[in-house]
Amino acid sequence: MKKAISLFLAAVMLLVCVSLTACVPDLPEGEIHIVAANFAGYDFAAEIIGRDNTRVSLTFLSAGDAHSFNPTYGDIAKIQNADLFIYVGGESDHALDSVLSGVKDEAIFKMIDCVELLAIEEEHGEDTHSHEYDEHVWTSPYHAALIVQALSKKLCEIDPDGAEDYRENTAEYLNKLNALDADFQAMFDSVEDPMLVMGDRFPFLYFANRYGFSYEAAFPSCSSASEPSPQRVIELVELVKKEKISTVFYMESGNHSVADRIAAEGGAVTALLHACHKVTPEEMQSGTTYLSLMRQNYTAIRASLGLLD
Ligand SMILES: [Zn+2]
């Protein structure tokens with residue numbers, strides 16, 4: 001019997017080995033391999049190394065969620081063979097703990113290590129989220145700039161030959177992020193008591209914290225709940241009416257039926273506020289960037305505050 005079990009185990013081991021070999025990473029050409037599991041992190045790296053850099057390969061593992069990444073076997077091999085793996089690194093990413101246990105610290109970049117973390121402010125009813133801090137650290141250009149600075153330093157260490165170019169690209173990119181940051185600040189400062197209503201989750205805590213507007217949302221942070229309580233919907237409809245809110249925002253993932261309902265009953269329109277969580281393959285293909293999405297947000301918020309020329 002024992003022999004049968006060990007034979008069986010040997011067969012299993014063989015199968016595992018075969019399937020792992022089948023998953024040996026087919027990383028693109030290049031001397032340095034960077035892998036990212038978050039769109040913003042990927043895009044920041046692309047800006048720093050230069051989008052036409054052929055010496056460095058940059059791979060976006062798009063299969064997972066922005067910050068609760070569930071890697072496939074192929075992803076695991078890519079991550080473990082990369083010179084640098086970029087991810088959010090919050091509690092939601094625990095599926096990666098075992099994957100990263102054998103990877104040396106120098107090859108790991110956590111976005112949450114770059115900013116001062118903010119506690120999640122509200123918890124509604126049945127929300128099951130147990131995070132103490134908000135993980136959406138990339139959602140304000142100000143915080144994005146902090147991440148970019150740290151990532152640039154890291155990339156210069158990993159690839160000293162490219163360091164000069166990276167520093168130049170970083171300086172240029174930081175100028176753009178800082179300009180966007182100033183535009184957002186000026187916009188919110190130009191309105192008395194600006195308020196945003198989100199008929200959706202609210203992954204914009206860092207954004208709100210930076211620019212100092214008030215907000216109300218159907219769900220806190222990145223709640224997995226899909227239906228707010230009727231009470232919460234009524235509260236938001238009343239708020240929209242009372243404060244004459246023109247726009248109820250929704251985010252890029254999932255449906256926006258809650259926002260639609262609040263807007264319809266409150267006499268408002270709906271608009272997208274992109275949290276740069278999820279980017280479709282079509283958007284990737286057409287050259288969507290963190291900056292382009294944030295510029296769209298800027299225009300959408302300007303319109304919602306009645307500031308469009
Ligand atoms: Zn989220």
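Me: Four strands form an open sheet with β6 in it; in what order do they stand?
Reply: This is a predicted model. The sheet is open, and its pairing is parallel. Its four strands run in the order β6-β5-β7-β8.

Me: Which are the edge strands of this sheet?
Reply: An edge strand here pairs on one side only.

Me: What does the twist average from one strand to the next?
Reply: The sheet in question has the order β6-β5-β7-β8. From each strand to the next there is a twist. The average is 35 degrees.

Me: How many bridges join β7 and β8?
Reply: Strand β7 spans residues 247–250, and strand β8 spans residues 269–272. They pair in the parallel sense. Val248 stands opposite Thr270 in β8. The number of bridges is four.

Me: Which helix makes a β-α-β unit with β7 and β8?
Reply: The unit is right-handed. Its helix lies across β7 and β8, at about 175 degrees to β7. The helix holds residues 257–266 and is α9.

Me: Another open sheet contains β1; what is its strand order?
Reply: This sheet also has four strands, paired in parallel. Its edge strands are β2 (56–60) and β4 (108–110), each pairing on one side only. Neighbouring strands are turned by 15 degrees against each other on average, direction ignored. The order is β2-β1-β3-β4.

Me: What is the bridge partner of Phe85 in β4?
Reply: Strand β3 takes in residues 84–87. It pairs with β4 in the parallel sense over three bridges. The partner of Phe85 is Ile108.

Me: Are α6 and α11 roughly parallel or roughly antiparallel to each other?
Reply: Helix α6 is residues 163–189, and helix α11 is residues 290–304. Their axes lie 11 Å apart, and the angle is about 15 degrees. Angles under 35 degrees count as roughly parallel. The two helices are therefore roughly parallel.

Me: Is the crossing of α6 and α11 left-handed or right-handed?
Reply: Lys176, Leu180, Asp183, Phe184 and Met187 supply the α6 side of the contact. On the α11 side they meet Leu291, Met294, Tyr298, Ile301 and Arg302. The crossing is left-handed.

Me: At what angle do α2 and α6 pack?
Reply: Helix α2 runs over residues 39–49, and its axis is 7 Å from that of α6. Glu47, Ile48 and Ile49 in α2 meet Tyr166, Asn169, Thr170 and Tyr173 in α6. The helices are oblique to each other. The packing angle is about 120 degrees.

Me: Does Lys244 count as buried or exposed?
Reply: Lys244 sits in the loop between α8 (230–242) and β7. Its phi is positive, about 50 degrees, although it is not a glycine. Most residues other than glycine have a negative phi. With 10 C-beta neighbours inside 10 Å, Lys244 counts as exposed.

Me: What about Cys276, buried or exposed?
Reply: Cys276 is not a glycine either, yet its phi is positive at about 55 degrees. Its loop lies between β8 and α10 (281–285). The cut-off for a buried residue is 20 or more other C-beta atoms within 10 Å. Cys276 has 24 such neighbours, so it counts as buried.

Me: How far apart are the C-alpha atoms of Lys78 and Thr59?
Reply: Lys78 belongs to helix α3, residues 73–81. It has 22 C-beta neighbours inside 10 Å and counts as buried. Along the chain, Lys78 and Thr59 are 19 residues apart. Their C-alpha atoms are separated by 8.8 Å.

Me: What share of the residues in the protein chain is buried?
Reply: The secondary structure comes to eleven helices and eight strands. Among contacts with a separation of 6 or more, 64% join residues 24 or more positions apart. The chain has 309 residues, and the buried share is 39%.

Conventions. Residues are numbered from 1 along each chain as its sequence is written. This is a predicted model: local features need pLDDT of at least 70, side-chain atom pairs count only at pLDDT 80 or more; totals for chains, interfaces and linings use all residues. Two strands pair if DSSP finds at least two bridges between them. Axes are lines fitted to C-alpha atoms, for helices over the stretch in contact, and angles run from 0 to 180 degrees between N-to-C directions. A residue is buried if 20 or more other C-beta atoms lie within 10 Å of its own, exposed if 12 or fewer, and partly exposed in between; C-beta atoms are placed from the backbone. Two residues are in contact if their C-beta atoms, placed from the backbone, lie within 7 Å. A crossover is right-handed if, with the strands pointing away from the viewer, the path from the first strand over the helix to the second runs clockwise. Angles under 35 degrees count as roughly parallel, over 145 as roughly antiparallel, 65 to 115 as roughly perpendicular and the rest as oblique. A crossing is left-handed if the near helix is turned anticlockwise from the far one by less than a right angle, and right-handed if clockwise.
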